[in-house]
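Hi everyone, thanks for coming.

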Amino acid sequence: MTDHSTSRAAVRAPALAALDAEERLTRAELEELQLQRLQQTVRHAYANVPLYTRKFDEAGVHPEDIRVLADIERLPFTTKADLRETYPFGMFAVPMSDVARIHASSGTTGRPTVVGYTRGDLDRWGALVARSLRAAGIRAGMKVHNAYGYGLFTGGLGAHAGIEALGATVIPVSGGQTARQVQLIRDFEPDAILCTPSYLLTIADAMVAQGIDPRSTSLKVAVLGAEPWTNEMRRELEQRMGIDALDIYGLSEVMGPGVGSECLEGKDGPHIWEDHFLPEVIDAESGAALPDGELGELVFTSLTKEAFPVIRYRTRDLTRLLPGTARPAMRRMEKVTGRNDDMIIVRGVNLFPTQIEELVLGIEQLTPHFILELTKEGRMDALTVRIERHPDLPVDTCRAAAEVLAQRIKVFVGSTVAVRLEEPGALPRSEGKYKRVYDLR
């Protein structure tokens with residue numbers, strides 16, 4: 001295997017000269033651009049999407065009422081229910097002859113949400129993913145192993161286009177076939193990998209099972225997204241694989257991957273590409289806008305989308321808006337570690353799977369492979385954490401660590417849970433988005 005220590009250090013150097021012009025704007029210049037694009041988007045949506053025409057009229061607001069950025073709060077929210085109500089193509093704002101591609105969600109909780117893109121939308125999407133990858137340290141000429149799933153899911157094809165737009169070499173592996181993923185990483189020696197964080201953990205486990213040190217590969221950077229993950233998971237992956245692990249944010253209803261991305265200089269939460277997306281954080285119960293720095297539900301308005309503009313889309317993701325750092329004019333979002341609809345209520349206590357993950361990764365004697373099972377004990381909800389024991393440690397040591405985990409969950413989360421120790425390999429492995437919670441009630 002080639003010695004990659006020099007190239008691994010070189011990738012850390014920021015290429016500020018390569019920034020897009022919009023990344024160099026002052027905050028005042030950016031807000032002026034945002035207002036122009038917001039006004040244009042609102043006019044476009046009102047004129048061409050019947051749902052928006054109806055909702056704006058019912059709210060008593062019209063495009064000409066948007067005179068300053070703060071006027072966005074006068075506009076009604078868009079929800080996933082709206083997208084399902086208009087299934088399949090009722091949210092499209094251009095004729096079908098202008099739609100170059102269609103994507104859709106999995107639809108596991110009802111009708112899938114369907115989104116469309118014009119040729120211009122696809123070009124902008126590719127450019128924004130390229131910007132995100134460049135911010136993460138990936139450069140033209142590098143080889144990028146793309147293990148996001150291809151198909152109707154936006155991850156695979158969205159990332160693919162961005163890699164090509166950047167001038168890097170894409171290796172379009174898609175998800176699954178983990179043993180083959182490992183072989184291709186060994187044979188093709190990619191510089192970077194794109195996938196979900198849980199799947200990268202699965203790949204690292206597969207390497208160890210094959211007798212390969214995950215730190216010995218050519219990989220320098222991992223750009224990870226499509227599911228919430230913690231900074232503890234980042235540290236686990238970085239230490240285990242000898243890489244830089246960065247968060248890319250996106251969702252199909254707003255565009256797909258590339259709505260925002262962490263910058264290698266800081267790794268301090270994704271910078272939102274605010275020249276294309278206007279973010280807000282609201283109180284999830286009242287819908288009232290919250291000031292920057294307060295935790296709430298993330299809301300997005302697209303500013304440049306043609307086929308599928310979205311106005312104040314409620315993402316259900318929980319975060320807060322923070323000042324920009326590596327890109328000073330563009331605000332950051334705190335790493336998303338939970339969603340409104342991921343929240344588990346156990347005996348009156350609200351908790352998120354990422355809270356358990358954070359505690360698990362703080363106990364070296366436990367593996368990061370765990371699932372949460374919700375059951376009923378009489379009339380009461382009960383939560384069991386099933387977690388695999390460490391294969392290289394005595395069973396008694398792992399059992400003691402499991403007792404420590406139960407105690408820490410009680411102290412830090414405020415809920416009593418059962419912790420069940422499992423044998424190595426007993427729990428399912430991620431091949432894309434990982435299912436962490438099993439509701440057996």
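Predicted model: local features only at pLDDT ≥ 70, side-chain atom pairs only at ≥ 80, totals over all residues.

Let's start with a loop, the one between α4 (80-85) and β1 (101-104), where Pro 88 lies. Which residue is joined to Pro 88 by a cis peptide bond? That's Tyr 87, and omega for this bond is about -5 degrees. For background, most peptide bonds are trans, and most residues other than glycine have a negative phi.

You'll find Ser 174 in the loop between β4 (169-172) and α7 (178-188). Is Ser 174 buried or exposed? Its relative accessibility is 19%, so Ser 174 counts as buried, given that the cut-off for buried is under 20%.

Then there's Arg 316, with a phi near 75 degrees. Arg 316 sits in a strand, β12 (residues 313-319). With a relative accessible area of 32%, Arg 316 is partly exposed.

Okay, on to the inside. In soluble globular proteins, nonpolar side chains tend to be buried together. Here, the largest nonpolar core has 72 residues, and Tyr 52, Ile 138 and Leu 194 are the ones with the most contacts inside it. What gives the most to this core? Helix α5 (residues 119-135) does, with seven residues.

Have a look at Tyr 52 on your screens. Leaving out residues up to four places away in sequence, Tyr 52 touches Ala 45, Tyr 46, Thr 78, Met 91, Pro 309, Val 310 and Ile 311. There is also a second, separate core of 23 residues, and Ile 193, Ala 204, Met 207 and Leu 224 are among them.

Last stop: a pair of helices. The axes of α10 (residues 353-360) and α11 (residues 395-412) come within 10 Å and cross at roughly 130 degrees. The two helices are therefore oblique to each other, and their crossing is right-handed. On the α10 side, the contact is made by Ile 356, Leu 359 and Val 360, while α11 brings Leu 405, Arg 408, Ile 409 and Phe 412. Sorted by class, that contact has six nonpolar residues, one charged and no polar ones.

That's my tour, so over to you for questions.

Terms used. Residues numbered from 1 in each chain as written. Heavy atoms only, no water. Axes fitted to C-alpha atoms, helices over the stretch in contact; angles between N-to-C directions. Helix = DSSP H or I, 4+ residues; strand = E, 2+ residues; numbered from the N terminus. Parallel < 35°, antiparallel > 145°, perpendicular 65-115°, else oblique. Left-handed = near helix turned anticlockwise from the far one by under 90°. Contact = heavy atoms within 4.5 Å. Nonpolar A, V, L, I, M, F, W, Y, C, P; charged D, E, K, R; others polar. Core = buried A, V, L, I, M, F, W, Y, C linked by side-chain atoms within 4.5 Å. Buried < 20%, exposed > 50% of the residue type's maximum accessible area, 1.4 Å probe, protein only.
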